[in-house]
Amino acid sequence: MSEPSRPRAFILAGSLLAVCRAPRYLAELRERGLRVLLITSANWRAEAERVAGDSGHPLAGVEDIAFVDGGVRHEGSLLAGPVAAALAWRRRYDIVGAYAVGETMVEPAGLIADALGLPGAGLRASRVCRSKYLQRWYLPEFSPQVAFAGDDLSGVRFPAVVKPSGRHSSSGVVTVANAEELHAELSGYGEQETVLVEEKIIGPEYSVESLVQHGKAIFASVTRKDTNDHDGRHFVELAHTVPSDHAAVTELLLDANQRVLDRLDVRDGITHAEWRVTADGRAIMMEIAARPPGDGLCSLYELATGRPLETEVLRIALGEHADYPAPRRHTRQVYLEHPEGVLSDVVVDWPEVQVEWVGEAGVWEQPEPLPADAPAALRAVHVHADRGAVLGPITCSEDRSVTFLVDAPTPAELDEITERVRRAIDIRTTPVSAEEAAR
């Protein structure tokens, strides 16, 4: 008697936050008749259990979840668990695709895809894109001057940037003005963390999003960013503009980005590379990730082009033909700087727009793309904190609380509506009590 055929399945890997904020991956895989297998950190077990049984939640359609131990502060600790899960699943399913939606699972997803002969970023890209020091090693022509904590740091020029190699979301990245500040910051990292000390690159920040198939970039676009490092010590992204409205550097960045893709031998997938351009016209790469862009960038690209990025990412991961159009509308996401205190409410004074309280791992509705020439519009206001949360300084991405999305037919109209929306949103806080401050 012949062995019964195993059900076809697709492995998604990443934090529950990244997966839940991109429900289209889950929906489209189910529409294809594929079982969805999810690998995520054990830190998300409680959240998954909280939404279990909710038929309307994106996770309702997931066949199985592997909660794995490990963390970004212990290099290599997130490899064994995903491989063990894939070994068990390989016996039960015909695995036809594997992809990392979030940063922490890029390397294990690359290993799984390689072992199974599936499309993936490739072993070099999967490894290097998870390690800032390997990016400096492979890409010296696009790298700032760098030293390792523990080396002789007497030659460091200030201001400098202290950067843990394996973390994400700007966690632990900080500017230091002198040797005293440098040594004080270094004492606060974990013993097993690799920490870099780099020259601080001054200049506007951008990212390049690239869809790559069979080693060729089939789409690449520049996003302009605003960060909070101009008046502080941290490097948190506060705005994304798609496509970039700084046309003078577009060709420079696309050329540099293509050279990086070639050097890292990126095979199949999507990359998100962050760059700064100096006053003398040099493109310096801050880092590159072999996974979809975070924050609301996938939403912005859908609003700008009229088509979702996620569909093409899945097509590439399944070995199907993929393509993607150029943006035909201008879009922006803004994270508002909030008053410190206990969050009591967020109010927007805008016709037909309501504030969405989505929480840390909440799901939001993707706005429908508008015609290219439609008037400028506010598309969404999201709150990523709960009422009663204590809002403090924005030192990493998780500290941000309120964001909005706008789009417009021209860059000038995008700027105008951005400022109008800023004035229309009121983030209300109350002073922190002694009890709350002690928590």
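This is a predicted model: local features need pLDDT of at least 70, side-chain atom pairs count only at pLDDT 80 or more; totals for chains, interfaces and linings use all residues.
The domain assignment divides the chain into domain 1 (8-118), domain 2 (145-199), domain 3 (201-328) and domain 4 (330-438). Taken over C-alpha atoms, the centres of domain 1 and domain 4 are separated by 29 Å. The largest nonpolar core comprises 46 residues, of which I11, I39, W89, L253, V260, L264 and W275 touch the most other members. Helix α9 (residues 250-264) makes the greatest contribution to this core, with 5 residues, and at least three residues are drawn from each of domain 1 and domain 3. When residues up to four places away in sequence are not counted, L253 touches Y206, V208, V222, W275, V277 and A283. Another core, of 40 residues, lies apart from the largest one and includes L38, L297, L303 and L314.

In helix α2 (residues 23-31), the buried residues are Y25, L26, E28 and L29, and the elements covering them include β1 (8-13), α1 (16-20), β2 (35-41), β3 (62-68) and α11 (309-317). Helix α2 is followed by G33, whose phi is positive, near 80°. Helix α4 (residues 80-92), with 13 residues, reaches 19 Å from its first C-alpha to its last, which is close to the 18 Å expected at 1.5 Å a residue. The buried residues of α4 are P82, A85, A86 and W89; seen down the axis of α4, these buried residues fall within an arc of 100°, so they line one face of the helix. An α-helix has 3.6 residues a turn, so residues three or four places apart point the same way. The face of α4 turned away from the buried side carries the exposed residues A80 and R91, whereas the cover over the buried residues of α4 includes β1, β2, β3, β4 (94-100) and α5 (106-116).

Most residues other than glycine have a negative phi, and most peptide bonds are trans. Against this background, the peptide bond from F158 to P159 is cis, with omega near 0°, and P159 is found in the loop between β5 (146-148) and β6 (160-164). The peptide bond from V242 to P243 is likewise cis, with omega near -10°, P243 being located in the loop between β11 (237-242) and α9. Phi is positive, near 50°, at D295, a residue of the loop between β13 (283-289) and α10 (297-305) that counts as partly exposed at 27% relative accessibility. E352, although not a glycine, has a positive phi of about 65°; E352 lies in the loop between β15 (341-348) and β16 (355-357) and is exposed, with a relative accessible area of 82%.

Notes: Residues are numbered from 1 along each chain as its sequence is written. Side-chain values use heavy atoms; hydrogens and water are left out. Buried means under 20% relative accessible area, exposed over 50%, partly exposed in between (1.4 Å probe, protein chains only). Helices (H or I, at least four residues) and strands (E, at least two) are DSSP runs, numbered from the N terminus. Contact means heavy atoms within 4.5 Å. A nonpolar core is a set of buried Ala, Val, Leu, Ile, Met, Phe, Trp, Tyr and Cys residues joined through side-chain atoms within 4.5 Å. Domain bounds come from an automatic or database domain assignment. The expected span of a helix is 1.5 Å times one less than its number of residues. The arc is that of the directions from the helix axis to the C-beta atoms.
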